[in-house]
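Hi,

Here's the structure I promised to send over.

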Amino acid sequence: SGAAKKPSSSSSSGAAAASAAPAGKSSSGSKSDRVRRKDAHDYSKVPLEDRLTDLMYVLWYLVMFAVVMPVALMSVTAHYKNVPLANVGEHLPFLAPCVIEAVAKFGEIADPMMNLNPGWLVAMQGFNLLVCGPLYLLTAFGFLFGWNWIRVPATINSVWTLYQIAMHGSETFFGGVAPIEPVTYLVAYAPAVLISMATYKRLSMVEPFYANERGVFKAVALNAAF
């Protein structure tokens, strides 16, 4: 009976070893699969043409950078040189005259507060020049390359943009300087309100640039923005 038990013991240990080997292999295999899956479906590596929603954010924030920076520079320069906004060209020779004329004309017909250039607006424009404007450019690149760290600064910048527009609008419409063409004012600033809100929602996810596990070229957070 002892001889009968010995093979049984050895066969059971062999079976245990055999079962342990596949388990270890499966564990390591599943880990490598997870790493491979995450790398393959990393949203930042998906071509931009397959991320049309992010392309919208990229283009929008590039436009915002191109618009906000010269306007902020004109406002601050007009204040410190004590000249009308339309006459800052002599102090900013690198700005094209058509840009200065366009900004002054917009202020004349749609945003009179821009030409009045009060102190609180100059303070806001100074912050735009130093912080908000450059962050628009960084946000554009953040959406372009899927930088997860851009979430916090871009979200703060979106809230700041909404605050600016709210204060600017209230002072314009309730401060006795209503624009000649209020519809133009609303059309000009409404997209900034909507996209700032969409950006806030888009970047509220923990990993907004990470694709779902099925590998579809769509971030989990895209649906949250709309």
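**Notes on the model**

Counting as a disulfide any pair of cysteine sulfur atoms within 2.5 Å, the total is zero disulfides. Before you dig in: this is a predicted model, where local features need pLDDT of at least 70, side-chain atom pairs count only at pLDDT 80 or more, and totals for chains, interfaces and linings use all residues. Residues are numbered from 1 along each chain as its sequence is written, and side-chain values use heavy atoms, with hydrogens and water left out.

On the cysteines, C98 is exposed at a relative accessible area of 53%, while C132 is buried at 0%. (Buried is under 20% relative accessible area, exposed over 50%, partly exposed in between, with a 1.4 Å probe and protein chains only.)

Now helix α3, residues 97–109. Helices are DSSP runs of H or I, at least four residues, numbered from the N terminus. Its buried residues include I100, V103, A104 and G107. Seen down the axis, the buried residues of α3 fall within an arc of 95 degrees (taken from the directions from the helix axis to the C-beta atoms), so they line one face of the helix. They pack against α2 (52–81) and α4 (112–116), contact meaning heavy atoms within 4.5 Å. C98 and E101 are exposed on the face of α3 turned away from that buried side.

Last one: T199 sits in helix α7 (residues 182–202) and is buried, at 0% relative accessibility. Setting aside neighbours within four places in sequence, T199 contacts Y57, Y61, F143 and S158.

Cheers

Note on methods
Helix = DSSP H or I, 4+ residues; strand = E, 2+ residues; numbered from the N terminus. Expected span 1.5 Å × (residues − 1).
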